[in-house]
Amino acid sequence: MIDRHIARRVVELMDEMLEADPVAMRSLMINRTPCNQALAEHPTVQVWRQEGGHAVTLMGILNGLVGAVDEGERAGWGEVYFRIEGEGDDARITGFHWTGEDE
């Protein structure tokens, strides 16, 4: 179940932090930390499958706090996300969002 109040607050805070330091926020969002199977099986934390195991990002942890989508084509996905423009070292985060923003 999604906690929409927390989702809104997470997006507000992340956008504030992005405005203050976009370089640090990019690094926090894209860096993956290896994790074990127990964390990979958490019901709401979003974990990447990668060669040789699993990894988690700050965005995956924040989505664990907010909750996962319950139903539909996005069931199990995180509610909070960011948009990024560019590629490689030139990529930059343009903002944080949550899927319920338009409601």
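Student: Which elements do the buried residues of α4 pack against?

Tutor: This is a predicted model, and in it the buried residues of α4 pack against α1, α2, β4 (80–85) and β5.

Student: Which residues of α4 are buried?

Tutor: Start with the general idea. An α-helix has 3.6 residues a turn, so residues three or four places apart point the same way. In this helix the buried residues are Met 59, Gly 60, Leu 62, Asn 63, Gly 64 and Val 66. After α4 comes Gly 67, with a positive phi near 115 degrees.

Student: Is Leu 58 buried, partly exposed or exposed?

Tutor: Residues under 20% relative accessible area count as buried and those over 50% as exposed, with partly exposed in between. Leu 58 belongs to helix α4. Its relative accessibility is 28%, so Leu 58 counts as partly exposed.

Student: What does Leu 58 touch, apart from residues up to four places away in sequence?

Tutor: Leu 58 touches Met 14, Leu 28 and Met 29. As for distance, Leu 58 and Val 45 are 13 residues apart along the chain, and their C-alpha atoms are separated by 9.8 Å.

Student: How should I read a nonpolar core, and which residues have the most contacts inside the largest one?

Tutor: In soluble globular proteins, nonpolar side chains tend to be buried together. The largest nonpolar core here has 15 residues. Those with the most contacts inside it are Val 10, Met 14, Met 25, Met 29, Val 66, Val 80 and Phe 96.

Student: Which elements give two or more residues to this core?

Tutor: They are α1 (4–20), α2 (22–30), α4 (58–66) and β5 (92–98). The largest share, 5 residues, comes from α1.

Student: What does Val 10 touch, not counting residues up to four places away in sequence?

Tutor: Val 10 touches Leu 62, Leu 65, Val 66 and Val 80. Of these, Leu 62 and Val 66 are among the buried residues of α4.

Student: Now the strands. Is His 54 buried or exposed?

Tutor: His 54 is found in strand β3 (residues 53–56). Its relative accessible area is 17%, and the cut-off for buried is under 20%, so His 54 is buried. Leaving out residues up to four places away in sequence, His 54 touches Thr 33, Pro 34, Cys 35, Gln 37, Ala 40, Val 47, Trp 48 and Arg 49.

Student: Where does Thr 33 lie?

Tutor: Thr 33 lies in strand β1 (residues 33–35). At 46% relative accessibility, Thr 33 counts as partly exposed. Beyond its neighbours within four places in sequence, Thr 33 is in contact with His 54, Ala 55 and Val 56. Thr 33 and Asn 63 are 30 residues apart in sequence, with 16 Å between their C-alpha atoms.

Student: How many helices and strands does the whole chain have?

Tutor: The protein chain has 4 helices and 5 strands. From the N terminus on, they run α-α-β-α-β-β-α-β-β. The radius of gyration is 14 Å, close to the 13 Å that the globule rule gives for 103 residues, so the chain is as compact as a globular protein of that length. Along its principal axes the C-alpha trace spans about 35 × 35 × 20 Å.

Student: What share of the residues counts as buried?

Tutor: Of the 103 residues, 34% count as buried. The chain exposes about 6800 Å², and carbon and sulfur atoms supply 51% of that area.

Student: How far apart are the mean positions of the positive and negative charges?

Tutor: The chain has 9 positive and 19 negative charges, and their mean positions are 1 Å apart.

How values were computed
Residues are numbered from 1 along each chain as its sequence is written. This is a predicted model: local features need pLDDT of at least 70, side-chain atom pairs count only at pLDDT 80 or more; totals for chains, interfaces and linings use all residues. Side-chain values use heavy atoms; hydrogens and water are left out. The radius of gyration is taken over C-alpha atoms; the globule rule is 2.2 Å times the number of residues to the power 0.38. Buried means under 20% relative accessible area, exposed over 50%, partly exposed in between (1.4 Å probe, protein chains only). Accessible areas come from the Shrake-Rupley method with a 1.4 Å probe; for residues, only the protein chains shown count as cover. Lys and Arg count as positive and Asp and Glu as negative; His and the chain ends are not counted. The place of a charge is taken as NZ of Lys, CZ of Arg, CG of Asp or CD of Glu. A nonpolar core is a set of buried Ala, Val, Leu, Ile, Met, Phe, Trp, Tyr and Cys residues joined through side-chain atoms within 4.5 Å. Contact means heavy atoms within 4.5 Å.
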